[in-house]
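This report covers a few local features of one protein model. Please look over the structure before reading on.

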Amino acid sequence: MRKYICEGKDGMLCIFIHNKLLCGFPLGKNKLKDYERDANDMIVSGLRDNKNIKFQIYVYSHYIQEMYKKKKENKYNEYEDYKLLVACVLALVKLKILQFDTVVSIFPKKKKRKITSLSLNK
């Protein structure tokens, strides 16, 4: 089973479902705004295709549950599946079905300490 938990130069965006970590995406080149833009585009394209909001909520929720089941059974998931999972979660947050704080966590990158040389001539 491959795990998609990557840390970028600015940290990582983690998705939790039922208090279980499903995936983590790097923050650096892609910011949180980019992931939110993908979710917004998904909602808008659904509306343009005459899919009402209730149907979209059902589809996004169902996809999240299916990914959760796959993760629980240790089945292999592709990178694109995880990208779609992040978009679905953020779409449900945008539609105010899920709360941002309960499903998304942003972890900043841990700064490394600089080691300074100590003077031995005291």
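Asn 74 is found in the loop between helix 2 (53-72) and helix 3. The model is a predicted one. In this model Asn 74 has a positive phi of about 60°, although Asn 74 is not a glycine. Is Asn 74 buried or exposed? The relative accessibility of Asn 74 is 52%. Exposed means over 50%, so Asn 74 counts as exposed.

## A loop residue between two strands

His 18 has its place in the loop between strand 1 (11-17) and strand 2 (20-27). Its phi is positive, about 55°, and His 18 is not a glycine either. Because its relative accessibility is 52%, His 18 counts as exposed.

## The largest pocket

The largest pocket holds about 190 Å³ of space. Which helices each supply at least two residues of its lining? They are helix 1 (32-48) and helix 3 (79-94). Helix 3 gives the largest share of the lining, with 5 residues.

The residues that line the largest pocket are Phe 25, Asn 30, Asp 34, Tyr 35, Asp 38, Met 42, Tyr 79, Lys 83, Leu 84, Val 86 and Ala 87. Sorted by class, this lining has 7 nonpolar residues, 1 polar residue and 3 charged residues. Among the lining residues, Phe 25, Met 42 and Leu 84 belong to types that count as nonpolar. Asp 34, Asp 38 and Lys 83 are also in the lining, and Asp and Lys count as charged.

Key. Residues are numbered from 1 along each chain as its sequence is written. This is a predicted model: local features need pLDDT of at least 70, side-chain atom pairs count only at pLDDT 80 or more; totals for chains, interfaces and linings use all residues. Side-chain values use heavy atoms; hydrogens and water are left out. On a 1 Å grid over the protein atoms alone, a cavity is a set of points where a 1.4 Å probe fits but cannot get out, and a pocket is an open set with protein on both sides within 12 Å along at least five of seven lines; lining residues have an atom within 4 Å of a point. Grid points are joined across faces, edges and corners, and a volume is the space filled by probe spheres set on the points. Helices (H or I, at least four residues) and strands (E, at least two) are DSSP runs, numbered from the N terminus. Buried means under 20% relative accessible area, exposed over 50%, partly exposed in between (1.4 Å probe, protein chains only).
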